[in-house]
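Reader: I would like a close look at one part of this protein. Please keep it brisk.

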Amino acid sequence: MIIFKKIDDIRSYLSAEGSKGRTVGFVPTMGALHKGHVSLLEKARTNGDLTVVSIFVNPTQFNDKKDFEAYPISISEDIEMLDKAGCDVIFIPHVDEIYPPGSPQPPVYELGYIDTILEGARRPGHFKGVAQVVARLLEIVMPNRLYLGQKDFQQCMVIKQLVGLVPSLNNIQVEICPTVREDDGLAMSSRNRRLTDPQRALSTLLYQCLVSIQAKAGIDTFAKVQKECMDILVEKGLEPEYVALADANTLELMDDYDSNRQQVALVAAWIGSVRLIDNMLINSMA
Ligand code: AMP
């Protein structure tokens with residue numbers, strides 16, 4: 001496994017490997033790695049790609065300064081985990097490498113509707129920051145395949161849109177990998193390590209809400225199930241931001257179940273100072 005910190009170094013290494021005919025699979029992360037991240041790397045390995053994982057906590061995607069400051073960092077454990085998992089290349093750039101001081105501002109990508117709802121509405125500027133850093137990283141690594149987790153459903157849609165929007169990125173194939181969960185259903189997330197034990201015990205409620213939304217498709221109205229979910233979250237001391245149902249292809253918000261469309265249920269809630277999100281496809285297709 002090779003670790004690069006400088007753009008010029010990783011570029012020349014990857015272009016040499018590319019000229020030998022190796023496909024490159026890229027997994028961008030913000031570190032504090034867990035089995036969810038590793039599952040993306042494993043998928044890239046099964047596709048036979050030369051695997052590149054980046055670790056970069058991107059300041060421009062944090063609309064909340066406190067969240068940025070509290071974001072967990074565990075570089076040496078991350079490196080060890082990636083080494084054990086068979087990663088080929090790690091890219092750990094300094095912030096000045098990604099956003100060189102004095103250079104022109106990186107482009108702002110207009111994301112339209114997707115940036116106005118759910119996470120976009122709740123975290124203004126977040127997806128613009130995500131698009132900015134992912135475009136920058138993709139232009140550096142220029143992978144054949146990009147591996148993303150369904151855990152961040154809306155982010156996957158933003159990045160797919162970005163890849164379509166920027167001509168130099170059009171040929172990158174985007175692979176969405178399933179959400180990896182703890183035994184009790186909690187979606188793995190770097191932020192989970194900030195939960196206290198009692199908060200950790202409650203955090204499975206997000207998953208349970210999604211399961212009940214899925215189970216009640218075609219039985220109850222979504223409005224009824226949504227209210228039940230909001231009520232239980234509030235009753236247990238969480239602060240839900242949304243419990244929503246959307247078309248899984250467009251993320252158009254929907255008032256009710258529709259067996260003719262692939263739908264996705266999405267939830268966001270605070271547990272103390274930790275904000276968690278999760279989602280689940282609703283298999284209501286006829
Ligand atoms: P992050 O480090 O949180 O920016 O995540 C890096 C990548 O890992 C993103 O594509 C995430 O969607 C993905 N990811 C995070 N958590 C999980 C999970 N529990 N299962 C699968 N993928 C995940």
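Reader: Which residues line the largest cavity?

Author: First, the ground rules. This is a predicted model, in which local features need pLDDT of at least 70, side-chain atom pairs count only at pLDDT 80 or more, and totals for chains, interfaces and linings use all residues. Residues are numbered from 1 along each chain as its sequence is written, and side-chain values use heavy atoms, with hydrogens and water left out.

Now the cavity. On a 1 Å grid over the protein atoms alone, a cavity is a set of points where a 1.4 Å probe fits but cannot get out; lining residues have an atom within 4 Å of a point. Grid points are joined across faces, edges and corners, and a volume is the space filled by probe spheres set on the points.

The count comes to 1 cavity of 30 Å³ or more. The largest cavity holds about 50 Å³ of space. Its lining consists of Lys-151, Leu-186, Ala-187, Ser-189, Asn-192, Ser-203, Leu-206, Tyr-207, Leu-276, Ile-277 and Asp-278. Two or more lining residues each come from α9 (197–215) and β9 (274–282). Those labels are DSSP runs numbered from the N terminus: helices (H or I, at least four residues) and strands (E, at least two).

By class, the lining of the largest cavity has 6 nonpolar, 3 polar and 2 charged residues. Here Ala, Val, Leu, Ile, Met, Phe, Trp, Tyr, Cys and Pro count as nonpolar; Asp, Glu, Lys and Arg are charged; the others, Gly among them, are polar. Lys-151 and Asp-278 are both in the lining.

Notes
On a 1 Å grid over the protein atoms alone, a cavity is a set of points where a 1.4 Å probe fits but cannot get out, and a pocket is an open set with protein on both sides within 12 Å along at least five of seven lines; lining residues have an atom within 4 Å of a point.
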